[in-house]
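Trainee: Please pick one part of this structure and take me through it slowly. I'd like to see how it connects to its surroundings.

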Amino acid sequence: MTCTFCVSRNNLAAIGPIVFEDDRCAVLLHPDRAVRGHAMVVWKRHVENVADLDSDEAAHLIAVHSRAERALLAVTGAERAVILKLGIQTPHLHLHIYPVNANLDRAAVFAIIDAAVRDECSDEEFVALAEAVRSRI
């Protein structure tokens, strides 16, 4: 099986707009636009689980995740974030961040996770969202 993130490592922007990147991980907006600000924190080295990281790497991942979540919540005005790590379709460590309103019920959250809904924003709005998040991380 070919790993999407490993194949795209030198061009993660082909997957979605990069809003943060360093030598260990990147944060990109997800192209499915299931919810305004759906993003992924992608670990660059191929591992599948947080448990595969040493303590320094795990701390770095969480620090980047925290900065990204804070920026996404501020830019979208959402009240909370749903975090998801599956690795089923792409078995490479990446964390999804879904900024959502606090009043959503379980069915609404799972509709977002399943990409059964879509934030209807134009390409220009998507680019502006990426810029706003990038400026806050």
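**The largest pocket and its strand**

Mentor: Strand E5 gives three residues to the lining of the largest pocket, the largest share. Keep in mind that this is a predicted model, where local features need pLDDT of at least 70 and side-chain atom pairs 80 or more, while totals for chains, interfaces and linings use all residues. Residues are numbered from 1 along each chain as its sequence is written, and side-chain values use heavy atoms, without hydrogens or water.

The pocket holds about 410 Å³ of space. (A pocket is an open set of points on a 1 Å grid over the protein atoms alone, where a 1.4 Å probe fits, with protein on both sides within 12 Å along at least five of seven lines; lining residues have an atom within 4 Å of a point. The volume is the space filled by probe spheres set on the points, which are joined across faces, edges and corners.) Of its 19 lining residues, His30, Gln89, Thr90, His94 and His96 are closest to the centre. Helix H1 (4-7) and strand E5 (94-100) each supply at least two lining residues. (Helices, H or I, of at least four residues and strands, E, of at least two are DSSP runs, numbered from the N terminus.)

Now follow E5 into its sheet: five strands form an open, antiparallel sheet in the order E1-E2-E3-E5-E4. Strands E1 (18-21) and E4 (80-84) have a single partner each, so one side of each lacks a neighbour in the sheet. (Pairing takes at least two DSSP bridges.) Four bridges join E5 to strand E3 (residues 39-43), and Val41 stands opposite Leu95 in E5.
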